[in-house]
Amino acid sequence: MNYEKLINRTLSEMKPSGIRKFFDIAAEMEDVISLSVGEPDFATPWHIRQEGIKTLEKGRTWYSPNAGLLKLRQAIGGYLSRRFDLAYDPKTEILVTVGGSEAIDLCFRALLEPGDEVLIPEPSFVCYDPLTRMAGGVPVALPTRAEDAFRLKADTVKAAITDKTKLLVLPFPNNPTGAIMPREELEALAEVLRDTDILVLSDEIYGELTYGREHVSIAALPGMRERTVLVSGFSKAFAMTGWRLGYACAPAPLMAPLTKLHQYAIMCAPTTAQYAAIEAMNNGDSDVMQMRDEYDMRRRFIVDELNKLGLTCFEPEGAFYVFPCIQSTGMTSEAFCQKLLEKKHVAVVPGNAFGDSGEGFVRISYCYSLKHITEALRRIGEFLKENGLCPK
């Protein structure tokens, strides 16, 4: 049997995730420090875990409504109103999903027709391009630059719009760069989009993890809520990666097709995780603040140390990644990461895993302990010195 002819061609032609590649190699080596995955080193706060345990003890293990428990949707609505000045109807405008990843996939598959163009800032998370292709869409890369703090410029978006443009992905705070979009930049984008039929997928999974500025959602700006699908979840801010729970928010006419697709593909998100998430939404603000303060300390430390090593590092204002430039070493991103892993057993991710404009950079996660970060930086310093890669 010729399996190549039977497998979806678009999927067959996709490259594996550049993040998982180095993580998988590192997993088979000894004495490896991996700073490659966005996995918080904090345990889910106890009061949230306890709620999940109580749910199991009480036998609440049945299906939830397709859109999620109404109490959770109400809690999400209250949280978004309290934190980001957003208003969504829990009954018709909020959908609970299996992680933010499902919400993103639903958005592409529910809204795109074959040939529709999707504007995707780069560097950005690895899923947007392949999921666009799987939905029949055409990804259009919008490069961002370190000298612009990796922010998406309104002029860049305006120049890329064609009569086939259907959707703009807005992934801020950004993975891998840590860039944010301040209100004035979002207002400039909104001005470009208001007189069009272009929709926005605003991935705000790192919205609680900003440093020095409060996160602003584009959906909160005049005229933008009606065209925006907001995606977020519990993995990053609440250290709930393994609970696999996220959500999408949008006007009812946009939410209806996402919910329909969710009904057929998933049925509902895990019930135990939903009960735990109610506790997180209602009583988890202080937990988020404590973890954010710790990330902030690590952020400032790692940026300073990388700059001392000669690896120029843009200071991120969100998420928990740094994106240092390694061009001074004369190596490609892939070669730098490969040799660093082989010689010093430190795993980081090549910047080109997040799009061509990421070449010349690497992504380092600081959601690991300060002890691990310090040792990794020591090894990176040795690697640069021993291989004559220190900038002149």
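**Close-up 1. The largest nonpolar core in this predicted model.** Start with Ile302, Phe336 and Ile364: among the 37 residues of this core, they touch the most other members. Elements giving two or more residues to the core are helices H12 (285-308), H13 (333-344) and H14 (370-386), together with strands E9 (321-322) and E12 (362-365). The biggest share, six residues, comes from H14.

**Close-up 2. The surroundings of Phe336.** Leaving aside residues up to four places away in sequence, Phe336 touches Leu311, Ile326, Thr329, Met331, Val362, Phe383 and Leu384.

**Close-up 3. The buried residues of helix H9 (residues 183-193).** Here you can pick out Glu185, Leu186, Leu189, Ala190, Val192 and Leu193, the buried residues of this helix. They lie on the same side of H9, because they cover an arc of only 155° around the axis. As a handy reminder, an α-helix has 3.6 residues a turn, so residues three or four places apart point the same way. Now look at what covers the buried residues of H9: helix H8 (154-160), strand E5 (165-170) and strand E6 (199-203) are included in that cover.

Close-up 4. One of its residues, Leu11, lies in helix H2 (residues 9-12).

Conventions. Residues are numbered from 1 along each chain as its sequence is written. This is a predicted model: local features need pLDDT of at least 70, side-chain atom pairs count only at pLDDT 80 or more; totals for chains, interfaces and linings use all residues. Side-chain values use heavy atoms; hydrogens and water are left out. Helices (H or I, at least four residues) and strands (E, at least two) are DSSP runs, numbered from the N terminus. A nonpolar core is a set of buried Ala, Val, Leu, Ile, Met, Phe, Trp, Tyr and Cys residues joined through side-chain atoms within 4.5 Å. Buried means under 20% relative accessible area, exposed over 50%, partly exposed in between (1.4 Å probe, protein chains only). Contact means heavy atoms within 4.5 Å. The arc is that of the directions from the helix axis to the C-beta atoms.
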